[in-house]
Amino acid sequence: MLRPQELDEGERRHWRELRAKSSAPRNPFMEPEFTAAVGLVRPRARVAVVYEGGEAAGFLPHERGPFGQGRAIGLGVSDCQGAVLRQGLRVDCRELLRACALSSFVFDNLQAEQGLLVPYAAEAHPAYVIDVVRGYGAYECGLRARSPKFLKGTLAKERRLGRQVGEVRFVFDERDPAALRTLMAWKSAQYRRTGRRDRFAREWITRLVGGLAGTRAAQCSGTLSVLYAGGRPVAAHFGLRSASVLACWFPAYDPRFAKYSPGLVLHLRMAEAAAAHGIGLLDLGRGRAEYKDALKTGELPVYEGAVTRRGAGAALHWLAREPARRAQGFVRSRPRLASLAARSLKSAARLRR
């Protein structure tokens, strides 16, 4: 059992080799660099290292809470979770938890190929993806065939933005810290406007994003993409990218330019740039949104649930999480109720202002 910073280079190399051999998309949230970044801002972050034949054969990054309640590393912000194991390695999940002194292990974005943990899932959710393996041109052709009015309208708004505001310019990997601060301010305002909890009001998340913005590794690089018009930023996104996957994380735009749909324009340019960099998949994450429905080419399942061991810790886990999770699932499964809930959140947010 190690803190993320205590992993030596040999263990990190084994971790990367195991990820390279996996059939799952190489999502950067599953790389050791993301776990290391979380470890710098979450003091109870740990990595369980499983050895076989004297060699590191598996890793379970997690955070340890009160009474041994464990959670996936970065739970609440990480969009891809699970254990990293050698193919064919046999591990008893509850025995692994016992060895980690954990009474439970909670996940909410478990990667589909997680044979160790999927049997303990309570719900499956779609994560929306954009496939640009065949290039951006092929993606745009498919988008034109599926949603001709959407694509035509978005491109027309991009041209109008250039005429009425100023030259449109896109930067795929912006390094200006001021642009990141602008994005976080937009996102905080969006959270408050829609009645959702402001993630950037939590210091550890702000520090995590700041740390990852400077991370440059082959399979986990912080990537800030910005759409400019007339020399000013109008939309931006911060996410992580590997050599093959761009994990879309924090998109936002300046609401003063909403009529130009700058967020949609930004995502089209991100897809184009990703394809040019050899990235084949943009992972938009779980959670329904109109822009995801418009842009997606498909869906991948992710899972939510928990493994528990018998004892007081498991009972505390159930009381703390299960009633709320089931209530949320009930609302999500009923579109009219979900729409009413969203409107109520926005009304409450307006009253708070």
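What follows is a working chat about a predicted model of one protein.

Biologist: How many helices and strands does the protein have?

Modeller: There are 11 helices and 13 strands. Keep in mind that this is a predicted model.

Biologist: What share of the residues is buried?

Modeller: Of the 353 residues, 49% count as buried.

Biologist: And of the contacts with a separation of 6 or more, what share comes from residues 24 or more positions apart?

Modeller: Such residues account for 73% of those contacts.

Biologist: Let's go to α2. How many of its residues are buried?

Modeller: Nine of the 10 are buried, so α2 is largely enclosed by the rest of the structure.

Biologist: Which ones?

Modeller: The buried set is Pro-32, Glu-33, Phe-34, Thr-35, Ala-36, Ala-37, Val-38, Gly-39 and Val-41.

Biologist: How do the axes of α1 and α2 cross?

Modeller: They cross at roughly 130 degrees and come within 10 Å of each other. That angle makes α1 oblique to α2.

Biologist: Which residues make that contact?

Modeller: From α1, Arg-12, Trp-15 and Arg-16 take part; from α2, Pro-32, Glu-33, Thr-35 and Ala-36 do.

Biologist: New topic, aromatics. How many aromatic pairs are there in the whole structure?

Modeller: The search finds nine. In one of them, Phe-29 and Trp-249 have ring centres 5.0 Å apart and planes at 85 degrees, so the pair is edge-to-face.

Biologist: Where do Phe-29 and Trp-249 lie?

Modeller: Phe-29 is in the loop between α1 (9-21) and α2 (32-41), while Trp-249 is in strand β11, so the pair ties together parts 220 residues apart in sequence.

Biologist: Are the two buried or exposed?

Modeller: Phe-29 is buried with a relative accessible area of 2%, and Trp-249 is buried with 7%.

Biologist: Which residues form the aromatic cluster with them?

Modeller: Phe-34, Phe-200, Phe-238 and Phe-250 form one aromatic cluster with Phe-29 and Trp-249.

Biologist: Which arginines lie over a ring face?

Modeller: Arg-42 lies over the face of Trp-204, at 4.2 Å from the ring centre. Arg-169 lies over the face of Tyr-228, at 4.4 Å from the ring centre.

Biologist: Back to β11. What does Cys-248 touch?

Modeller: Cys-248, which sits in strand β11, touches Asp-79, His-237, Met-270, Leu-282, Asp-283 and Leu-284, with residues up to four places away in sequence not counted. Cys-248 counts as buried, because its relative accessibility of 6% is under 20%.

Biologist: How many residues along the chain separate Cys-248 and Val-129?

Modeller: They are 119 residues apart along the chain, and their C-alpha atoms are separated by 9.5 Å.

Biologist: Now Ser-78. Where is that?

Modeller: Ser-78 is in the loop between β3 and β4 (84-85). The residue is buried, with a relative accessible area of 1%.

Biologist: Which side chain makes a polar contact with the side chain of Ser-78?

Modeller: That of Gln-81, at 3.0 Å. Not counting residues up to four places away in sequence, Ser-78 touches Phe-29, Phe-34, Ile-73, Asp-108 and Asn-109. Phe-29 and Phe-34 also belong to the aromatic cluster.

Biologist: Last topic, backbone. Which residues other than glycine have a positive phi?

Modeller: Among them are Phe-67, with phi near 60 degrees, and Ser-261, with phi near 50 degrees. Most residues other than glycine have a negative phi.

Biologist: Where are Phe-67 and Ser-261 placed?

Modeller: Phe-67 is in the loop between β2 (55-64) and β3 (69-72). Ser-261 is in the loop between β11 (245-253) and α8 (262-276).

Biologist: Buried or exposed?

Modeller: Phe-67 counts as exposed, at 64% relative accessibility, whereas Ser-261 is buried at 15%.

How values were computed. Residues numbered from 1 in each chain as written. Predicted model: local features only at pLDDT ≥ 70, side-chain atom pairs only at ≥ 80, totals over all residues. Heavy atoms only, no water. Helix = DSSP H or I, 4+ residues; strand = E, 2+ residues; numbered from the N terminus. Buried < 20%, exposed > 50% of the residue type's maximum accessible area, 1.4 Å probe, protein only. Polar contact = N/O pair within 3.5 Å; in protein donor to acceptor, adjacent residues only side chain to side chain. Contact = heavy atoms within 4.5 Å. Phe/Tyr/Trp six-rings, centres within 6.5 Å; stacked < 30°, edge-to-face > 60°. Lys NZ or Arg CZ within 6 Å of the ring centre and 35° of its normal. Axes fitted to C-alpha atoms, helices over the stretch in contact; angles between N-to-C directions. Parallel < 35°, antiparallel > 145°, perpendicular 65-115°, else oblique.
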